[in-house]
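Dear colleague,

Please find below the structure that I am handing over to you. My findings follow directly after it, and I would be grateful if you read them with the model open.

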Protein chains: 4
Amino acid sequence: MIAEVIADGTIQVLDHGFVRLDDSMADDLSVVNAARVSFARRKEAMDESDEGLIRFLLRERHGTPFEHNSFRFHIRAPLFVAREWFRHRVGSFNEFSMRYARATDDFYVPEPEDVRTQVGKPGSYSFEPVEPELAEATREELRAVYDAAYATYERLVERGVARELARLVMPVGAYTEFYWTINARSLMNFVSLRAAETAQREIRRYAEACERFLEEKMPVTYAAFVAAGRIAP
Amino acid sequence: MIAEVIADGTIQVLDHGFVRLDDSMADDLSVVNAARVSFARRKEAMDESDEGLIRFLLRERHGTPFEHNSFRFHIRAPLFVAREWFRHRVGSFNEFSMRYARATDDFYVPEPEDVRTQVGKPGSYSFEPVEPELAEATREELRAVYDAAYATYERLVERGVARELARLVMPVGAYTEFYWTINARSLMNFVSLRAAETAQREIRRYAEACERFLEEKMPVTYAAFVAAGRIAP
Amino acid sequence: MIAEVIADGTIQVLDHGFVRLDDSMADDLSVVNAARVSFARRKEAMDESDEGLIRFLLRERHGTPFEHNSFRFHIRAPLFVAREWFRHRVGSFNEFSMRYARATDDFYVPEPEDVRTQVGKPGSYSFEPVEPELAEATREELRAVYDAAYATYERLVERGVARELARLVMPVGAYTEFYWTINARSLMNFVSLRAAETAQREIRRYAEACERFLEEKMPVTYAAFVAAGRIAP
Amino acid sequence: MIAEVIADGTIQVLDHGFVRLDDSMADDLSVVNAARVSFARRKEAMDESDEGLIRFLLRERHGTPFEHNSFRFHIRAPLFVAREWFRHRVGSFNEFSMRYARATDDFYVPEPEDVRTQVGKPGSYSFEPVEPELAEATREELRAVYDAAYATYERLVERGVARELARLVMPVGAYTEFYWTINARSLMNFVSLRAAETAQREIRRYAEACERFLEEKMPVTYAAFVAAGRIAP
């Protein structure tokens with residue numbers, strides 16, 4: 001179920017979501033030049049010693065040279081995922097507004113194999129799939145609440161209740177969309193925390209999709225990040 | 001319905017919410033001393049000329065002297081309010097987690113006079129109360145969705161579905177709680193945007209509650225902020 | 001003396017300085033799309049209504065749509081200018097290091113017409129040119145200190161004193177260089193404060209140079225910024 | 001030579017500098033309560049399990065609970081130290097201004113045992129004391145430049161040259177002063193980088209002084225920070 005294909009710069013995630021790289025200003029050379037300005041040196045192209053420099057910077061946690069670049073993502077994700085995402089304060093967000101526009105009627109229903117139970121103690125949970133019957137029942141229960149909530153939403157709006165109030169019934173499984181602009185340092189921090197085992201499975205899939213774009217645009221930086229145990233500088 | 005009383009440092013907001021000032025390090029003198037360090041001067045107490053200085057700083061948008069203080073708030077608010085709140089990136093948040101803990105069964109139901117309709121065009125909406133009958137019907141519709149969603153939530157959790165999945169049905173009218181630590185400059189920015197006419201009524205009530213604490217702790221700063229048209233420096 | 005020509009994306013500033021746009025991801029369309037995601041709308045090209053939208057956003061101080069872009073500047077400026085510049089915390093910096101590299105022997109000597117005296121009272125200074133004789137004497141005094149300081153620096157380094165200590169003698173008129181990556185919202189804030197009449201003349205020239213690049217890349221945004229009295233959203 | 005005594009909340013650093021804790025809102029309990037809001041729990045006092053929680057948070061790099069506190073420092077340090085300090089963007093600064101006020105005539109002259117030479121290769125320098133004779137010669141060379149620069153500064157100001165221009169001759173060994181307000185998370189990051197072996201000795205002494213105040217106000221957090229290898233969460 002992990003995001004598989006980048007088509008037109010878009011990776012499909014979950015049942016109705018995506019991560020799309022809208023634009024970027026990102027290459028490994030920008031890291032090298034930002035670091036070498038310490039010595040008033042500048043290059044037009046990377047060479048091998050620069051790859052070593054990038055590994056050194058990442059390992060030693062010299063983070064600022066990784067900030068001179070920018071990724072602008074367009075993302076569609078459920079509200080409960082967006083809520084975790086927006087906790088990352090370094091970066092810029094603009095989001096769909098249910099005050100101004102009609103709410104979407106797309107809601108997240110996990111695939112049967114993603115319906116899971118929680119095992120273990122607080123601080124060290126793990127997750128296991130539930131029985132197929134419970135998985136299917138869960139999906140039906142989710143759909144039933146989504147349908148009832150959305151029908152209520154529509155009824156209230158139709159009767160003249162302000163959208164900003166009618167939205168109160170919308171479940172956090174509803175989809176939203178937003179733009180997110182971020183530099184590689186903060187993107188690595190996001191990936192480090194949200195593609196981790198401890199992160200919720202749904203946001204992990206989004207983080208893994210973002211990670212692909214980092215890898216594509218800044219391959220040397222990405223390789224160094226992986227080699228450093230995926231800890232952001 | 002606007003928050004009326006500060007008891008024990010707590011202001012009740014909406015039907016189940018509050019703003020509580022957990023701790024603070026905030027006075028007008030800190031603004032004066034931060035500004036006067038430009039001249040290597042420092043005072044032990046405010047005098048009249050300092051009030052003029054604070055007004056000057058605010059009017060001329062010299063913002064940094066207003067950052068050397070701190071308010072730690074403990075807040076209980078519906079998710080749709082929290083979502084707007086967390087867009088303010090300067091400041092620190094820790095929030096209740098429906099991944100780790102059982103969801104609350106408190107949901108926001110507006111008072112009848114707060115059930116409203118939206119009038120006018122995008123960019124210049126205003127709001128008017130709906131007929132009493134529709135107000136009551138809306139409250140019942142909200143309660144019905146809340147009850148059904150919460151019953152589903154409980155049923156799923158009881159059958160073993162992970163909390164982090166069961167929460168998908170939770171409507172954004174559900175209450176959450178969080179700590180928010182912020183300096184006066186960012187607090188004024190928050191109040192400027194969220195206690196404004198264009199803000200949604202529910203978050204306005206929270207912003208007005210926060211504003212009270214600013215007024216209480218930093219009265220000269222607050223008066224200057226009001227005099228400057230409530231535009232943050 | 002104000003920066004006149006953009007050649008190869010470089011504007012000369014002061015006697016040995018420059019502002020060079022190293023790369024950018026910046027156009028007006030990104031503002032429009034970030035704003036329209038509120039309504040889940042997106043465009044491939046600007047039209048006239050979008051110009052109105054940008055003016056509206058700027059005037060009403062909706063700042064976030066102006067953050068989804070990036071300018072990477074390479075700058076050479078005297079230390080006293082860099083010190084003011086680095087106070088702007090939103091944005092990324094990497095700078096030349098006198099710990100690691102030999103200090104530059106370029107120092108800022110103002111043109112005779114820029115040697116000035118300060119008139120008026122604190123809070124409302126203005127500046128007037130000094131007599132030609134004093135202007136020339138000042139330039140000679142500056143050069144004398146610069147020469148003596150640099151000779152001492154070189155002597156200390158040659159005798160084996162660590163560069164990080166030898167640099168103690170370096171005057172703040174010495175040139176440094178740095179990379180600065182910033183979005184349009186923060187760039188407008190920088191220009192608003194540092195191209196203002198109250199800013200020191202030297203940093204004003206740098207701010208005016210940066211402003212040129214904003215104008216070139218985001219002309220509609222820039223025009224709206226000017227129309228709004230050069231106050232950043 | 002390392003800062004030894006806290007008197008009146010002030011630690012002397014270098015020959016004319018200090019770190020003074022002007023005010024704080026900081027205790028370990030705030031960390032615990034910020035973390036426990038995830039479970040909607042709150043305590044009036046720490047117990048033993050809370051110490052374990054703090055160690056867990058630090059080790060696992062859950063950083064946000066360490067942000068709900070505030071330290072306001074008043075600092076006097078040489079310009080070259082302040083320049084490194086101001087690179088830390090999370091936190092608030094207000095500084096003495098040589099545009100508005102007469103420059104100080106205090107300059108940093110290292111103790112003889114602090115005059116050092118640089119040994120080894122870029123990226124792995126170490127420092128060794130120089131011969132006593134060179135140490136003394138260095139101190140004299142520094143004093144000579146400082147005296148000449150300051151005499152020039154005074155002469156230019158007396159002849160009517162604006163302070164903002166006369167300051168160009170001021171060496172980066174000159175003292176400045178500033179207020180710095182910061183939370184524990186960012187303070188740990190500062191200490192982690194600036195009290196490290198790789199940091200310049202002079203800023204290390206300041207970082208070590210700041211560290212003392214962290215230890216005094218938040219002893220459990222500080223112990224956990226040390227146990228985690230002094231890596232900030």
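Chain A of this predicted model contains 8 helices and 8 strands. Along the principal axes, its C-alpha atoms fill a box of roughly 65 × 45 × 35 Å. Of the 233 residues in chain A, 52% are buried. Contacts across the sequence are a marked part of the picture: when one counts the contacts between residues at least 6 apart in sequence, 71% join residues at least 24 apart.

Domains

Chain A is divided into two parts: domain 1 comprises residues 6-97 together with 176-227, while domain 2 comprises residues 112-169. Taken over C-alpha atoms, the centres of domain 1 and domain 2 of chain A are separated by 30 Å.

Helix α6 of chain A

I would draw your attention to α6(A), residues 184-194, which is mostly covered, with 10 of its 11 residues buried. The buried residues are Ala184(A), Arg185(A), Leu187(A), Met188(A), Asn189(A), Phe190(A), Val191(A), Ser192(A), Leu193(A) and Arg194(A). What covers the buried residues of α6(A)? The cover includes the strands β4 (70-78) and β8 (175-182), as well as the helices α7 (201-217) and α8 (219-227), of chain A.

Relation of the two chains

Chain A is superposed on chain B by a rotation of 180° with 0.0 Å of shift along its axis, at an RMSD of 0.0 Å. The two copies are therefore related as by a two-fold rotation axis. In chain A, Pro171(A) has the C-alpha nearest this axis, at 1.9 Å from it. Both copies use the same surface, as 100% of the contact residues of chain A recur in chain B.

The contact between the chains

Between the two chains, 42 residues of chain A are in contact with 42 residues of chain B. On the side of chain A that touches chain B, at least two residues come from each of α3 (79-85), β6 (116-119), α4 (132-158) and α5 (163-166). Which element gives the most to this side? That element is α4(A), with 10 residues. By residue class, the side of chain A that touches chain B divides into 24 nonpolar, 7 polar and 11 charged residues.

With kind regards

Note on methods
Residues are numbered from 1 along each chain as its sequence is written. Chains are lettered from A and ligands numbered from 1 in the order in which they are written. This is a predicted model: local features need pLDDT of at least 70, side-chain atom pairs count only at pLDDT 80 or more; totals for chains, interfaces and linings use all residues. Helices (H or I, at least four residues) and strands (E, at least two) are DSSP runs, numbered from the N terminus. A residue is buried if 20 or more other C-beta atoms lie within 10 Å of its own, exposed if 12 or fewer, and partly exposed in between; C-beta atoms are placed from the backbone. Two residues are in contact if their C-beta atoms, placed from the backbone, lie within 7 Å. Copies are superposed by least squares on the C-alpha atoms of residues with pLDDT of at least 70 in both. Ala, Val, Leu, Ile, Met, Phe, Trp, Tyr, Cys and Pro count as nonpolar, Asp, Glu, Lys and Arg as charged, and the others, Gly among them, as polar. Domain bounds come from an automatic or database domain assignment.
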